[in-house]
Amino acid sequence: EEQDWDQRALDERYGTSIHRFAIAGTARAEYQASGTVPGHLLNDLSLSEYEGALRVATTLGSPWSTESSESVITVLRPDGDALAVVGRVGGLGEGEQIFATRFVGTNAYVVTFRQTDPFYVVDLADPANPVVRGELKVPGYSGYLHQVGEGLVLGIGQEGTDDGTLTGMKASLFQVTDPSNPTELATWTYDGRGSSSAVEYDRKAFLWWEPLQIAVVPVNDWESGLIGVVLLRVTAEGITEVRRMEQRTTGHG
């Protein structure tokens with residue numbers, strides 16, 4: 001019981017410190033300001049600076065917490081040697097945690113997950129008053145988000161059932177032209193329940209080839225022992241598999 005109490009107390013006060021340095025030119029890095037946001041960050045895509053405002057997406061509590069939580073976006077601006085909080089919006093994915101974030105201009109796209117995948121569109125045009133404009137619940141989750149055209153966001157992650165069981169790799173095309181009504185325009189799934197993509201934890205594994213509107217996505221299927229790459233053409237009309245290159249890992253079975 002004492003340990004549980006300590007974990008709850010840690011979650012309540014857990015925060016992430018952020019320090020700003022000037023690194024322009026060849027001069028030594030110069031310290032400028034510091035600030036703190038509640039909770040923890042998923043990765044570097046959880047931060048974005050836009051017109052002097054730093055936007056940070058976090059899940060409340062510590063990274064190893066098992067308690068139900070929610071996620072927030074905090075907006076900070078330099079004020080002397082402090083990164084001062086100027087705006088915040090919460091209530092994202094209550095009882096869940098962030099699996100993907102992407103900031104595009106004045107919008108943020110956030111995916112949280114526990115059983116289903118709420119895909120959120122957050123309006124950050126007014127840094128002092130960020131607002132959740134839209135929410136879409138679909139099975140599974142997206143672990144990586146990438147803008148692939150005006151009003152189009154591609155998600156790479158996992159398909160799932162309504163009870164949260166994951167069933168294999170999935171690509172989702174979200175239409176966000178109307179922020180208050182995001183839709184899942186199209187999906188593509190890999191035929192393997194044990195399949196996943198390294199893109200979920202390494203965004204450098206993803207390639208978007210704009211001239212041909214092709215997404216190059218690595219795939220690993222531990223059930224069949226196959227590894228490879230799929231090429232997906234992604235347009236406003238949907239997702240089409242163009243080519244698949246696979247090989248079987250040695251020693252499987």
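Leaving aside its neighbours within four places in sequence, which residues is T167 in contact with?

1. Basis of the note. This is a predicted model, in which local features need pLDDT of at least 70 and side-chain atom pairs count only at pLDDT 80 or more, while totals for chains, interfaces and linings use all residues. Residues are numbered from 1 along each chain as its sequence is written, and side-chain values use heavy atoms, with hydrogens and water left out.

2. Overall build. The protein chain holds one helix and 19 strands, where helices (H or I, at least four residues) and strands (E, at least two) are DSSP runs numbered from the N terminus. Its radius of gyration is 20 Å, close to the 18 Å that the globule rule gives for 253 residues, so the chain is as compact as a globular protein of that length; the radius is taken over C-alpha atoms, and the rule is 2.2 Å times the number of residues to the power 0.38. Along the principal axes, the C-alpha trace spans about 55 × 50 × 40 Å.

3. Contact here means heavy atoms within 4.5 Å, and among contacts between residues at least 6 apart in sequence, 42% join residues at least 24 apart. The chain exposes about 13100 Å², of which carbon and sulfur atoms supply 47%; the areas come from the Shrake-Rupley method with a 1.4 Å probe, and for residues only the protein chains shown count as cover. There are 19 positive and 35 negative side chains, and the centres of the two sets lie 5 Å apart. In that count Lys and Arg are positive and Asp and Glu negative, with His and the chain ends not counted, and the place of a charge is taken as NZ of Lys, CZ of Arg, CG of Asp or CD of Glu.

4. Buried residues make up 45% of the 253 residues, where buried means under 20% relative accessible area, exposed over 50%, and partly exposed in between (1.4 Å probe, protein chains only). In soluble globular proteins, nonpolar side chains tend to be buried together. Apart from its neighbours within four places in sequence, F206 is in contact with Y144, H146, L154, I156, V199, A215, V216 and V217.

5. T167 lies in strand β13 and counts as buried at 19% relative accessibility. To return to the opening question, and leaving aside neighbours within four places in sequence, T167 is in contact with Q158, E159, G160, T161, G192 and R193. S195, in strand β15 (residues 195–196), is buried with a relative accessible area of 2%. Not counting residues up to four places away in sequence, S195 touches Q158, G168, M169, Y190, V219, N220 and D221, and its C-alpha atom is separated by 10.0 Å from that of E159, 36 residues apart along the chain.

6. T101 is placed in strand β7 (residues 97–104) and is buried, with a relative accessible area of 3%; beyond neighbours within four places in sequence, T101 is in contact with L45, S46, A57, Y109, V110 and L145. T58, found in strand β4, is buried with a relative accessible area of 0%.

7. Loop residues. Most residues other than glycine have a negative phi. E51, in the loop between β3 (47–50) and β4 (53–59), has a positive phi near 50° and is exposed, with a relative accessible area of 65%. Q213, in the loop between β16 (207–209) and β17, also has a positive phi, about 55°, but counts as partly exposed at 31% relative accessibility.
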